[in-house]
Amino acid sequence: MAVGGSLAVQGPARNYEGGITAFVVITCVVAATGGLLFGYDLGISGGVTSMDDFLLKFFPSVYHKTKDESHHESQYCKFADEILTLFTSSLYIAALVASFVASVVTRVYGRKISMILGGLAFLIGAILNGIAMNIEMLIIGRLMLGVGVGFANQSVPVYLSEMAPAHIRGALNIGFQMAITIGILAANFINYGTAQIEGGWGWRVSLALAGVPAILMTVGSFFLPDTPNSIIERGHHDEAKRMLQKVRGTENVDYEFQDLVLASEAANRVEHPWRNILQPRYRPQLVICTLVPFFQQLTGINVIVFYAPVLFKTLGFGDNASLMSSAITGVVNVVATLVSIFSVDKFGRRGLFLVGGTQMLICQIAVGALIGLNFGVTGEGSFSKVEANLLLALICIYVAGFAWSWGPLGWLVPSEICPLEIRSAGQSINVSVNMFFTFIIAQAFLSMLCDMKFGLFFFFGGFVILMTIFIFFFLPETKNVPIEEMNRVWKAHWFWGKYIPDEAIIGADPEK
Ligand code: BGC
């Protein structure tokens, strides 16, 4: 069964002229800095919320609880605390709500404006957090950071996918994920440094430094051009054509330009992108923009990103060993993302998803078994040195599996499969589902560990089986397909084909 779909059924997708220009690369690098702010945020809160001075100032009850040696809890339950996790996860709820507003801004005013607004909101959040005198300032700052993330994650992946020529769209889009992983790693190192600051203000430095990626993104986006797709969407055809010529480095952009115009005309006939995406002809996009982010979070990756130090401590690693181990997983995350940049347009999205999924599953089963054998259900036990090293190695292989599959592809695939008329709506479903489940995992992990114990790893493993099967049957290959010609891929797919009407295929030659 040709589950991967084939282009043959509807004729070949067209090749546009123009290659990789320095202009497009620089533009995409600048835009990808949007990922830095998301990554910095993912990586910074875990460390800050474990700093004594921070806890004493804002969450004294939590501080006293962690210092209270009088009652002995199981290892698995040592760190469970709802108020503190609510502080971490509130940002993701703000991002969720903001992504809906961002979707309108992105469609009506362009991708660039959305990026600038995202950077500014993030900057305000960083300042408020850095100078926070009370819990209100802290929370409002947190919410502003969330607004920034909502705007950036809505606009940057779409921007990258629209700017890129089809044959390197995967690689350029993964610049976003690359920036996320660099942001996480930078945050880990910064926390490590600021935790050593005497005088109780180290956490302020950690939180205020979020201003750096914010300034980079705001100033960077200010100089970025908008995408040709977005310029056409707003009715400026001549300007869009000039921009397309500049981006592609050739005068001869007629085919691509005509497809963009046709896509835009189709989009203009649609008055309500939200109602629209519910129509049967957009069923594949609706399902994929919902399930991909859901599955991405259910890989369990953020257990590692948010709680690696806590997890390692829970398993008996010392303070320094825990921080060092988390830093190692952070480096693996960055390096393995590079692998996907170089392979995504060659081997395709499906190959990476299937390999990464299998790799994660094997590691999850092994990690669950290793912890189960040593700590059982009582939570009493310890690791030998060899076992501790084995655990760290398994977690690194798991992180690498994520970093070349669900990490980058979770942002790439939803941004490249939607036709223009539902692109912003599809992307905000993607962002909001992602944020919602990031929130749930951040909020629930510590009590899940307490309740499910080592079974937690089997729980996430079960989801990895499901998502890998889903990809195998329901995600056609989208590498090298021009973004406005994606409907051909759906039409050729064994399952989704029946939802796509013939007139949804763009492809008339401009001469005809
Ligand atoms: C995910 C984040 C995750 C990060 C890890 C991103 O793609 O959306 O939730 O923390 O990858 O690198």
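Is R349 buried or exposed, and what is its relative accessible area? R349 is buried, with a relative accessible area of 0%, where buried means under 20% relative accessible area, exposed means over 50%, and partly exposed lies in between, judged with a 1.4 Å probe and protein chains only. The structure is a predicted model, in which local features need pLDDT of at least 70 and side-chain atom pairs count only at pLDDT 80 or more, while totals for chains, interfaces and linings use all residues. Residues are numbered from 1 along each chain as its sequence is written, and side-chain values use heavy atoms, with hydrogens and water left out.

R349 forms a salt bridge with E416, and the closest N and O atoms of the two are 2.9 Å apart; a salt bridge here is a side-chain nitrogen of Lys or Arg within 4 Å of a carboxyl oxygen of Asp or Glu. This pair links distant parts of the chain, since R349 sits in helix α18 (residues 348–375) and E416 in helix α20, 67 residues apart. Helices are DSSP runs of H or I with at least four residues, and they are numbered from the N terminus. E416 also counts as buried, at 0% relative accessibility. Side chains of opposite charge can pair when their charged atoms come close.

By this rule the count comes to 13 salt bridges. Another of them joins R111 to E162, with the closest N and O atoms 2.8 Å apart. Because R111 lies in helix α6 and E162 in helix α7 (residues 135–163), the pair ties together parts that are 51 residues apart in sequence. R111 is buried, with a relative accessible area of 0%, and E162 counts as buried at 2%. A further salt bridge connects E256 with R248, whose closest N and O atoms are 3.0 Å apart; E256 is buried with a relative accessible area of 9%, and R248 is buried at 3%.

A nonpolar core is a set of buried Ala, Val, Leu, Ile, Met, Phe, Trp, Tyr and Cys residues joined through side-chain atoms within 4.5 Å. The largest such core has 139 residues, of which F54, F59, I288, F383, L391, W406 and M435 touch the most other members. The largest share of this core, 13 residues, comes from helix α21 (residues 420–452). Of the 33 residues of α21, 26 are buried, so this helix is largely enclosed by the rest of the structure.

Helix α20 (residues 406–417) holds P414, which is buried, with a relative accessible area of 2%. Not counting residues up to four places away in sequence, P414 touches C289, V292, L409, Q427 and N430, contact meaning heavy atoms within 4.5 Å. With the same exclusion of sequence neighbours, W406 touches several residues, among them V292, F295, F353 and M467.

Helix α16 (residues 301–314) has a kink of about 90° at Y307, shortly before the proline P309. This helix is mostly covered, as twelve of its 14 residues are buried, and Y307 and A308 are among the buried ones. After α16 comes G316, whose phi is positive, near 95°. Helix α21 bends by about 50° at F445, and just after this helix K453 takes a positive phi of about 55°, although K453 is a residue other than glycine.

Helices α5 (82–108) and α6 (111–130) each supply at least two residues of the patch, and α6 gives the most, with three. V104 lies in α5 and is partly exposed, with a relative accessible area of 37%.

How values were computed
Bend = angle between axes of the 7 residues up to and from the residue.
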